[in-house]
Amino acid sequence: MVTVAGDIAGRRRVSVAAVALVVLSLLLSATGVQSGKASGLVCIGTMGNFTANTAIGFCTSAVYIAAKPGANGDVAYVNANSATLLSGLTSFCSRKQAYPYVDLYVGVRAAGTDTNVATMLSDATVRVSFITKLIQFVKTYTGCSGIYIDLIGLTAAQSANYGLFMDKLLTDATAATVKVASALPWNAVKSVDIYYNPTLPKLAFNLLLTYEQTYTTIPTTVRPIAQLFTMDAPLDQIDQTIFSNLFRWVIKGLNPKVIILGLPMYSQKYTVSGATGFGALGSTAPVADTYCNLLPLLQELLRLHQELLPLRQELLRLHLELLPLRQELLPLRQELLPLLQELLPLHQELLPLLQERLPLLQELLPLRQELLPLHQELLPLHLELLPLLQERLPLHQELLPQPQPQQRLQRLCEQLCHTAICIDEQRVCLARIADYGTATAFGFCNQAVYLALRLNTNAAITYVNTAMTSAAVEAGIRTYAGYKTTYPQVDFYLGVDSLPGSYETWITNARATAISAITAQLRTYPTVAGVYIDIVNVPANRGYNNVFRWVLSGIPTLKLALGLPMYGLRFTAASATALGATSTVVNPDTYCNALIFGVTNTAGAAQAGEGFAYSSSAMMVYNTFNSVIDKLNFASATNLFGVGLYSMDQAGSTNAELLRYVTSVLAPVPPAGVVYPAAEPATCQVPITFPVPPTTTTTPTTTTPTTTTPTTTTPTTTTPTTTTPTTTTPTTTTPTTTTPTTTTPTTTTPTTTTPTTTTYDYDNDRSEYGNLVSQYCSGIQNVTAFVVLGGTCGTAS
């Protein structure tokens, strides 16, 4: 089909041959959420004859760019040769007969500076007339059933009228059974506030034009057409990447399910000499070329790749043989670390001396040139010694820091890794100090964290629960660590936190002491896989308020777990029926009590991934099964590491209902050799149906709460003064019930603690915290470290 080239030529006036453009969607179907694969394919075409075109059959939607606003609200055409254009449109729409599953759209494309476009947007009467005539125009072409809007270069002054235009178009088109889609400029920094309006999330799709060229200010530099992530300078501007611009649209309010990611299917040919990579300087600006002309080069690269495959396999074999040696060298590296730290001041003292020697080295340069013939004579001897040097090379490499290019490659691999080749979304279970008995719920987790230890001002280990004796806490840790025997597939972590007023001293002056204390604790429990660090309320000079701001700051999505509350909040609120109502008292409650409240009272419609239920005097907010699915879909669609559930001691009954349901969605089939814990008797008035034997079924079973006739329940609460609960979650008791008809859960009011206000050096504290994590991770190679992001809402840890 015609055209990336035609599409690009229309925007840049570049004359290139015709070629097809295919763009891949972020749209996830019901099965797509489980697999992490995109399922939509949108194809763009311009003027041409499509009578014998078969490429449309690969698309789920296709667009023929044909129309633009004319004078007085009329429909004009993008090409003066209207007869050929309309004949091509007829042939395009007729392909619906051959490919009935493809949605065919008539494209509207024009610049915001066009007089007719400006008038259409600003004049309500002309706007309504154009919409009416456009819908009639589309309906006259049998087979086409959609309108695609691509208005280029709109200004801030046109933003509001563009929103009115899209709203009216969608309303009238829907009434006429015509679908609507739109194009989004790739440069979100400049365009997102102009183009975004509440109508866009309701459209069939929004095509992000990430197939257009970036870095146009350096026209002769060899560069990617549209790069995913930043590269080495001068290609290191994050606002020029697909990665950054996509997430800016998401942050603005677009659901990833309605965004189409544009991919260039053409090539750029540069005139260069001796260039072997991006960043080289060409003699002229590039010339757009067809994708077909690139294929011979790709075939040659494939041949070279196949030739190098045996060498890669041989390198892998050598790597595996050297692995035991690396493990033997690990203690030596740890012993050398203090020595390197002692040598650092000496290096700093030697720096002036090296600078003084620089003129001498420059004087010696002629002598070195005279010695060059002697070096050439010695070359055969060097070649004879080369095998010996190669044998010693792995040892030398192990004693040196990891080179920066390898670190960048590793990070890029992590960022490019997608769900299709990675493991299932992970479930991280956070457990406060408690007696978990047989603790079958841990069998649903990939990682589990026991929140027990705390670092005080002196970097000494204390306990989160100060009322417990050290013997009692350590006995609890031993019991928790012993679950590894029952659930070997779960990685068990030991949680260590530090509070404001404590960490400011040791994080600056006693980091090594803190690391040694943590390491000593871990070595006491061999079955514990790693440490989970939570430095509470580390000061920050700006807040990150959602997942994507962490991503834009450089953390790969595969390193982020989305925290889910596994408890309820009970509000004392008379006659409240929706979120946002005024309450007098709020108390945390167990998830089991939340489930019982939801069954015995009126359930509200989930909003923004939050569920709730209400009675005449109270409201319970919690993650219902119907509401939490939005958060799980979000975690899957954005390819997060998984979800973390807080906290196991609030999880409900021994069935851990929410954790069980999350597992049924994210990982319905257990790993090989693993059997999920069987359902136990239901005690929270919610039937337990997962897993259904056998547990290796490939069809996830959704746990559906049984709706019963609600009985009005008046919860008994202790009436306090109006209190805003702090981030410290109070200890609550999980009641054991047996299918009651009327349940009156009792809640207590949490004690409010007012922290002492202290002035911090924000930038220095953040830097020192980073040093702590870096030293810990580099000093203990066989232990994994977790770090908490955003200890409280609106801050960055």
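Start with helix 17, residues 657-666: ten of its ten residues are buried, so the helix is largely enclosed by the rest of the structure. Keep in mind that this is a predicted model. Walking along the helix, the buried residues run Glu-657, Leu-658, Leu-659, Arg-660, Tyr-661, Val-662, Thr-663, Ser-664, Val-665 and Leu-666. An α-helix has 3.6 residues a turn, so residues three or four places apart point the same way.

Now for the aromatic rings. A pair of them is described by the distance of the centres and the angle of the planes. There are 23 aromatic pairs in the structure. One of them joins Tyr-148 and Phe-205, with 6.5 Å centre to centre and 35° between the planes, which makes a tilted pair. Where do the two partners sit? Tyr-148 belongs to strand 6 (residues 144-152), while Phe-205 is in the loop between helix 7 (188-195) and strand 8 (206-208), so the pair ties together parts that are 57 residues apart in sequence. Both Tyr-148 and Phe-205 are buried.

Have a look at Tyr-436 and Phe-442 next. Their ring centres are 5.7 Å apart and their planes meet at 70°, so this pair is edge-to-face; the cut-off for that label is an angle over 60 degrees. Are these two residues buried or exposed? Tyr-436 has a relative accessible area of 16%, so it is buried, because the limit is under 20%. Phe-442 comes in at 0% relative accessibility and therefore counts as buried too.

How values were computed. Residues are numbered from 1 along each chain as its sequence is written. This is a predicted model: local features need pLDDT of at least 70, side-chain atom pairs count only at pLDDT 80 or more; totals for chains, interfaces and linings use all residues. Side-chain values use heavy atoms; hydrogens and water are left out. Buried means under 20% relative accessible area, exposed over 50%, partly exposed in between (1.4 Å probe, protein chains only). Helices (H or I, at least four residues) and strands (E, at least two) are DSSP runs, numbered from the N terminus. Rings of Phe, Tyr and Trp (its six-membered ring) pair if their centres lie within 6.5 Å; planes under 30 degrees apart count as stacked, over 60 as edge-to-face and the rest as tilted.
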